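Follow the stops below in order.

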Amino acid sequence: VQLQASGGGLVQPGGSLRLSCAASGRAASSKSMGWLRQSPGKGREFVAVFNWGGGEKLYAESVKGRFTISGDNAKDTVYLQMNNLKPDDTANYYCAGGRWRAVIGGTTDYWGQGTLVTVSS
């Protein structure tokens, strides 16, 4: 079971990026898939989660209205479209898969590698 994250980079404030997370062996690892992020000196925080079964989505208050999470069932891939990015969004973004609450709480066993998002002028 592997989660492969991609799509990070450097963007100016107000810009956009799209992160991708592709899952192999999805049945075991990703009833839900989502993103958490970690900035230097801070703990890992929940960003967004998507449930494959019912399509439910949940967002952190800090990204609501700016970020959109979606899933492509045919590709076993979850996307995080990030718009109107702010310097506070700068972090390593980690893809996670597993049960809904475990993804939100960051307690799941299934993680992808981090992808760095830097928002700076």
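Select S32 in strand β4, which spans residues 32–38. Strands here are DSSP runs (E, at least two residues), numbered from the N terminus. This is a predicted model: local features need pLDDT of at least 70, side-chain atom pairs count only at pLDDT 80 or more, and totals for chains, interfaces and linings use all residues. Residues are numbered from 1 along each chain as its sequence is written, and side-chain values use heavy atoms, with hydrogens and water left out.

Is S32 buried or exposed? S32 counts as buried because its relative accessibility is 1%. Buried means under 20% relative accessible area, exposed over 50%, partly exposed in between (1.4 Å probe, protein chains only).

Now show the side chain of N51. The S32 side chain makes a polar contact with it at 3.1 Å. A polar contact is a pair of N or O atoms within 3.5 Å; within protein, one must be able to donate a hydrogen and the other to accept it, and residues adjacent in sequence count only if both atoms are side-chain atoms.

Next, select L80. Leaving aside residues up to four places away in sequence, L80 touches residues including L17, W35, V47, F67, I69 and Y93. Contact means heavy atoms within 4.5 Å.

Last stop: G65, in the loop between β6 (57–59) and β7. G65 has a relative accessible area of 80%, so this residue is exposed.

Key
Helices (H or I, at least four residues) and strands (E, at least two) are DSSP runs, numbered from the N terminus.
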